[in-house]
Amino acid sequence: MGAILTLVEPVVVINKLGTSFFDMALTQTVYNQSLKATAGDSDRAQTLSSHFLLIQSVLSSVAAMLSIIPLSRMADRHGPKVFLVASQMGSVLGMFTLVIFMYCEVPLEFLYLGSLLHGLSGGGPMFWAGVAALASLSSEQGKRTLKLNIVDFCFGVAGVVGGLLSGYLYQMGPSILLLTAILVSVVALLYSVFALTDSRRSLSESEPLLAESENGKTMDRVSVGMLMSTMVLFMLGMVGAENVLQLYVLKPPLSWDSIWAGYGRAATSTMYLSSFIGVLGLFKVLGDTALTLLGIVSNCTGMAIMAFTVESWVYFLARGIMMFACVPMPTLRAMLSKNLHPQQYGRVFGLLQLVLAVTDLLSNVFFTSIYPLTLGWFSGFCFLLSCAISYISAIPIMYVNLSIKDNSKSSFGHIVW
C-alpha cells in the first residue's frame, strides 16, 4: 500500500479529468459569448475568442513566472510535492470564477481573474515540474524514460475519457459539466495533500550521470542546455498551434458542436496512448535520441496535414499520423534527469518549467496573433508554421547525440593509446 501512495500517476489522471471538463466548459462559454456579441458572425467570434484566450494565456503565464522562484525555494525545503499542491489549489480557485460568471451579471473579462489565480499558484508549469521531479526520484535511471512515458500514458488515458465525457456532460448543461470539473479537481487536490507521499531513493543508490566524463561538468552543462533548447523549440511550435486548433474546428468548414469537439479532444489525448505503446515497443531498439526524433517527425507531419483539413476525417487522419507526437517531452525530461544529481531535480525542473512557461507564453502570443490575420486567405497557415518551427527542434538533440558519440570514441582511443 505504501508503494502505491508514492505513485504520482493517480494525481495526473484525476487532475487531467478535471481540467478536461473545465477546458471544454470554458472554451464553449467563451465562444458562445463571442457569437452573441457578434450577432452570429463566426469569423468575428473566432477573432474575439482568440483575443480573449490570448490575454488569458498571457496573464496565467506571467503570473506563473512570478511564482516559480518562491515555489522552487519551498520545494527545496519541503520536497517537490509543494508544486502539485500549490498549482492544484490555484486551479480549483480559478474554476470558481467561471461559476460566478455563469450565475452572476459579470463581464467576460472577469474570467481573467481565474487565470491570474491559477498562474500565481504555479499553474501548469509547476504542476508538471512536481510530476517530473517525483517520477524521477521514484525511478531508476535505466527505467526513467519508461517511467515518465507511463506518466504521459496515464495523462492520455484520462484525456481520452475526459474528452469523450465532456461533450456529453456539456449537452446535459454547462453548469453540470463545470460542477463535475470542480469536484474531480478537488479530489485530485485532496489526494495530493493527504495520500501522496514523497518517496526519495537514497543518494547511495543514485547512478552515474549519463554524460559523465573527464570534463564532466562542462559536458553536463552543454547537454542540459541542448536538451532544454530542444524542448523549447518543440513547445514553441506545438503549444500555440494546438490552442488555435481548438478554435479552428468550431468554425466552417468543420463547424463542430460540443460532441464533435469532445471527440477531437479525445483523439488528441489518444496520442499519449499511442506514444506510450511506441516507447514500450521501440525503446530498447531505438534509444532516447531516435525516439525523440521519431516523435518530432510524427508531430510535424500530422500538423502539416492539419493545415489542409476541410472535413472531419482529415482531422482524425492527421491525429493518427501524430501518434508519436507525445514521445519527445517525457523522453527529453528523462534524458535531462540522467544528466543531473537527485538533489538538483527540484531546482532544475523548476528552472526548466520557468523557461517552458516563457515559451508557452510566446507561442500563444505568436500563433493567436497570426491566426486572425489568416482567416481571410488561408486559416491553416499557422499549422504549417508550427511544423517548420518544431522541425528545427531536431537540431539540438542531434548535436547532443553526436557529442556523446564523439566523447565515447575519444575516451576509447585514449584508453587504447
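This is a predicted model: local features need pLDDT of at least 70, side-chain atom pairs count only at pLDDT 80 or more; totals for chains, interfaces and linings use all residues.
Two residues are taken to be in contact when heavy atoms of theirs lie within 4.5 Å. On the α6 side they are R144, T145, L148, N149 and D152, and on the α11 side P330, T331, R333, A334, S337 and K338. Sorted by class, the residues of this contact comprise three nonpolar, four polar and four charged.

Two packed helices are described by the angle between their axes and the distance between the axes. Helix α6 spans residues 144–172 and helix α11 spans residues 328–338; the angle between them is about 145°, and their axes are 8 Å apart. The crossing in which α6 passes α11 is right-handed.

The crossing of α3 past α5 is left-handed. From α3, the contact involves K81, F83, L84, S87 and Q88, while α5 contributes G123, M126, F127, A129, G130, V131 and L134. Of the residues in the contact of α3 with α5, seven are nonpolar, four are polar and one is charged.

Single residues were also examined. S274 belongs to helix α9, which runs over residues 258–306. The relative accessibility of S274 is 19%, and residues under 20% count as buried, so S274 is classed as buried. When residues up to four places away in sequence are not counted, S274 touches M323 and F324.

C300 is in no disulfide, and the nearest cysteine sulfur to it, that of C387, is 4.7 Å away. C300 has a relative accessible area of 0% and is therefore buried. For C104, the relative accessible area is 41%; this value falls between the limits of 20% and 50%, so C104 is partly exposed.

Terms used. Residues are numbered from 1 along each chain as its sequence is written. Side-chain values use heavy atoms; hydrogens and water are left out. A crossing is left-handed if the near helix is turned anticlockwise from the far one by less than a right angle, and right-handed if clockwise. Helices (H or I, at least four residues) and strands (E, at least two) are DSSP runs, numbered from the N terminus. Ala, Val, Leu, Ile, Met, Phe, Trp, Tyr, Cys and Pro count as nonpolar, Asp, Glu, Lys and Arg as charged, and the others, Gly among them, as polar. Buried means under 20% relative accessible area, exposed over 50%, partly exposed in between (1.4 Å probe, protein chains only). A disulfide is a pair of cysteine sulfur atoms within 2.5 Å. Axes are lines fitted to C-alpha atoms, for helices over the stretch in contact, and angles run from 0 to 180 degrees between N-to-C directions.
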